Amino acid sequence: MGMDTDGRIVDRDLEMILDEVAGDDDDDDDDADLAPVNDPAACRESALAAFRRDHAGSDVAADSFQGLARLPPVDGITGAETATCLAAHPHYVVVGTSAGKTVLVSLRPSSSSNRTLMNERTKVGKYGAVTAVDISPAATFVASGYQSGCVVIWDLQATSALKCMTGLHASPVTALRFSDLSRPTVLSVDGQGLVLDVSLQKYLIGWTVNHVVVRRPKALPGDEGPVNAVAVLRGQPDTPTLCALVCEAKVTVTKLTTSKPARVGSIALHPVGAQALVAWTVCQGRPLLCVAQGGAIRQFEVDPGGALVEKPVAMATGADAQFLAFVNSTMLIAVTNLEMVVFNVVAGALLQSIDISVLAQSGASLTFACAVNAYALVMDADGALYQVSLVKRMHRIQRLRRDGQWLAAMALAIDVHKDGDDTSPSSRSKLAQLAVDYLDAVPNDEFGRAGALENVFDFCAAIEDNETMFTTVYARQEMSPGTYFDALVNCVQRGVINDIPDRVIDSLIADARARNTLDAVEQALARLRPTTSVRRVLVKNCLWKALLAMASRAGWPISVPVGELLDAVPSGDAAESLAVRFLTEPTADSAVIHQRIAYLFADDARHLRRLMQPGKSTALITAFLGEALAHPRIWSLSVSPLTPRLPKRQSSFAIRSILGGNAGSRTSSAGSSPSPPALQRQRRVTAAEAVDVLLSMMVNSRDLERASSGLEIVTPLSPYCRADLSSLCRLGLSQGLISGAIVVPAAVLRTVISYVLDDAIDDHDAERMACSLIERFPPDAPTASLLLLSAISSRLRKLSIALHDLTGDVVGCVDTYLLDGATEDRIGVFEYLDRRLRDDPAAIQRHREAILSRIVSLAGVSGARTSALVGEFYASDHVAVIKELACVPEAQLDYLRGVLGGSSSADMLASVHELYIALLAEREPSNVLPYIRSHHQYSMDAVLGVCQRFQVVDATSFLLERTGDVDAALSLIVSTLEPLFARLRADIASAGMVAPQAVGGRRSFSALGQLAVLDEIYAVIDAATALCQRHADAPDNDRRWMSLLDKFLRMQKAEGRRREVIDDALVRCIQRVLSAMRGYVPLETILLRITSEHGDATYGEFRDTILALLETLAYEHNMLRLCNAMFVDDAHDASVRVCQDMARPIVTSLLPATSCSQCGSPLSGASALFYMCGHVAHEACAARNDSLAACHLCFRPTDTIAACKQQQQQRGRRRHSHHAAGSSIQLP
């Protein structure tokens, strides 16, 4: 869709279809416009990505690839006005706006431009925003629904309103659908769920409105609620008018009639699924309803009996559908946020998938859509209209080609080729011609031509058209081949092209040599598909880098690339270094290593002898072979026989020869023909034979034999130098010897070690190799002595130690250990001495003088380990050692720590303990107190003098306390507070602490607790209070507590309120002291001291502490009074119970002749009560006088209890008045 010369919107895609119907089609293919695709999820892969690369912002729009085109803005929508709804017809588009406009857009070339439907009765904005629109099938009427609930029917010919119906709905209209083909009948739906079938009928006096209620709003619990979607099937002569209403849980199908709607049936929806959509059509003579929900589309048919029947044909979209409509009777389109899909409902087949994700990527969300014959219209949230073509893609390619959209056309052509839509010869030729025409249309400047050629190569590779790429296009570029070859190389580097004809490769190489760009071409050719023809071309042009890279990537046998290289170049050529790097390239694949070894040692190792040239090649090969020799598994698992059986030769060394067999003539050098294959017997090469070959290449056998009598540096054979032989020994042989994979005679071993140590000053790798070799192959004494000289001159400590140990020189080994170096290197001397002295007890006394003479150096390494060593082997020399270490106090302290920390500390003299304590007091004062607490083998006076001399306060106070001078100990502890508070003042000043605002009558100094000096003050307070607590039983201990409390109260009084931060610290200290005093000093004493000695002080924050003490004191008094009262009550009750038990009478009839003590009459054998007091009474008399429980003459419990209770109440009143008088303490 676009604009013609008159400014009208024209549907060119529709014109193209009309041309095709009329027979004006230049395509030879007669297939249908829409054919099913094999894989709808297939995308344009690498080639399409190449076309879109670097074209952002150009005239190639991404939406053009799939026929998605943005239409010009709709006239009549201005300012902040937005589109709210959309309806389409093959000739018109109707758009409703937020301002209340209904805009009619004509698609006919002969009609006028956009029109706004409006007259005097329907002014813009009168009924609110337009919320729903529809156009009749014959394009004669338009229906508009408004936010106010009004429905207006328009006459398109007169562009005026036929009828404005304002009383139909009480809520905004959500959907309008014309339900009749001939007259203005519309189905209207509002937000509350009311559905009306409204029809207009014209009489002489005007248009009359008739409406039938199809569905009422939700009023009862069984109703469905609002209508989410609606679809209408307009009636035909043989089919009724049907409507489908989508609610929350089901779809209701109703048959519309002029009198009363009839319900056809309902379809249950998924309860938690997305919103459902519906669409009607007549397929094969029967109404067909499609229901889309949650990405699935179901089909329901209305059978002749009027019942809904679900068809087994199912379709699916990639996401939830936002629009569903039929283009014709069998073609259904569904629109999602990502694509528009077209289905054939009869077969359930996917006909076309059109990517519209560019709308979602731009940030817009689809709001409306509608479908017409040849395209669909989509509107986003910004009100922009997009046309999505549904025509055949080959036609779209031709259109893009005519419009000059070459890249879009080529990208669409790649889709056609990949999907297999059109495989006819004419179509394939058109695709190929498209690339040639594009190349002709590009400007002929160098930059534009190079980019166009890359696009053509990408396109031809995507459609698999090598003929066009390497024949047609190549022929057109003969005048400027450099541009062609540059583009070709770039495409090969990107992996787009992996096959090039041989003739093109030859021309490419010739051009690269002429322009001096062979390196880049070689890198590109190495990426081609490895074939025999390409390999021959590379060999012919001597492109060895490309050949070896291709061989490594393709996994060719080693003999193919390296053999062709060595056969083509003379010996000593620089290209041999490429073969060496190829053969020695690091790999973890054992099969590849086997192949390389087999190639190097084949044919009497002629390839090895040729490639081991002096210099870098020797180092690379020996390093590679050294790694192989260090792993015997590589040799024992060697794949395939390696070398033919050759005549026997005399081995140069006392090891196995690489070759063995019958005597005969020796194999000729490279160039002579080998024995016939039938006479050759192939065998494997062993690791020892490989060593034989390596040494025979560099060392003369006679020189090596002469070296057997002594360690001599063997001169390498020409043209090798000392560096080559050293590389062989260090890189090629040492690893195999260390791992035990190879075994050599002593002469060879001495040679290897000699070259390992050659120029190895401070070389830790060489030292590690030599140590491993000596450990595995211990040399004899003369050899070890010679090696020791080399190790000492090279400053190799570990090797020197190993050789000293090997020769039995204990003193020399100790001296080597004690040389300057890291402590972790020197600490091993103790393990060495412990092992040697334990293994040889006779050496203890033999080396005693030497070891004790080096005791200072040993203690400098570790005093604790030295003390353990002396205690184990020379326990009687402890005192002498201690005196020897007097010149080094640090070592002496460390030594004494080891001695006194063991089990033998109790046997040491008191002077040793006192010496250790003095050293601790001088160097580690914090460790003095723990030591003197745990040990007692010292003079207390001597140690006290030492602690006082070095001012170790905690240890001094501990000793003073032990001597009984508790007051001096407490004074010493308290004396440390002054310097600590001086530091606290300095820290507060440096930190800039100021008094914060008071909160709730209190001030908070949260930063004060972060000062480290405050923790030290707390530690001093804890030490002082602990001292007082330990002597709580002393008669004068309260005085010590009060002196400690007075110290802080006086400091607080001296500070006053000048420094509030200091005052807060003092308050915390006082609270800490009072908390410690609790339980040790009576509260009355504390309060009396505070109020008497410091009654004139302004307590400030300390006031809370005093009040807490008062509350505690009052609580204790109350508890004491309660307990006393409970004790009194319990004693009284107990005495009453005892009296009652004693006064309780005995009922008996066996009494002697006596008279009743209450009435005086004699007892005549009747039941009587005998009291414990001796009185006797009739039972009736006792009941009358209330004396059944006790004698009323001797015991009156009621009066006694009342008197006791009265006395208790009087005592309680006296205590209460005394407490009230004693607790009235006034605080300043």
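Okay, let's start with a cysteine. The sulfur of Cys491 sits 9.9 Å from the closest cysteine sulfur, the one in Cys460, so that gap is too far for a bond. Keep in mind that we're looking at a predicted model here. Is Cys491 buried or exposed? Cys491 is buried, at a relative accessible area of 0%.

The largest one has 123 residues, and the members that touch the most others are Phe459, Leu525 and Leu608. Which helix gives this core its largest share? That would be helix H5, residues 406-419, which puts in nine residues. Domains come into the picture as well: the core takes at least three residues from domain 2 (565-628), and at least three from domain 3 (721-806).

Let's zoom in on Leu525. If you leave out residues up to four places away in sequence, Leu525 touches Ile505, Leu508, Ile509, Leu538, Leu543, Ala546 and Met550. Apart from the core we've been talking about, there's another one, with 95 residues, including Val870, Ala955, Val966 and Ala969.

As background, nonpolar side chains in soluble globular proteins tend to be buried together.

Conventions. Residues are numbered from 1 along each chain as its sequence is written. This is a predicted model: local features need pLDDT of at least 70, side-chain atom pairs count only at pLDDT 80 or more; totals for chains, interfaces and linings use all residues. Side-chain values use heavy atoms; hydrogens and water are left out. A nonpolar core is a set of buried Ala, Val, Leu, Ile, Met, Phe, Trp, Tyr and Cys residues joined through side-chain atoms within 4.5 Å. Buried means under 20% relative accessible area, exposed over 50%, partly exposed in between (1.4 Å probe, protein chains only). Helices (H or I, at least four residues) and strands (E, at least two) are DSSP runs, numbered from the N terminus. Domain bounds come from an automatic or database domain assignment. Contact means heavy atoms within 4.5 Å. A disulfide is a pair of cysteine sulfur atoms within 2.5 Å.
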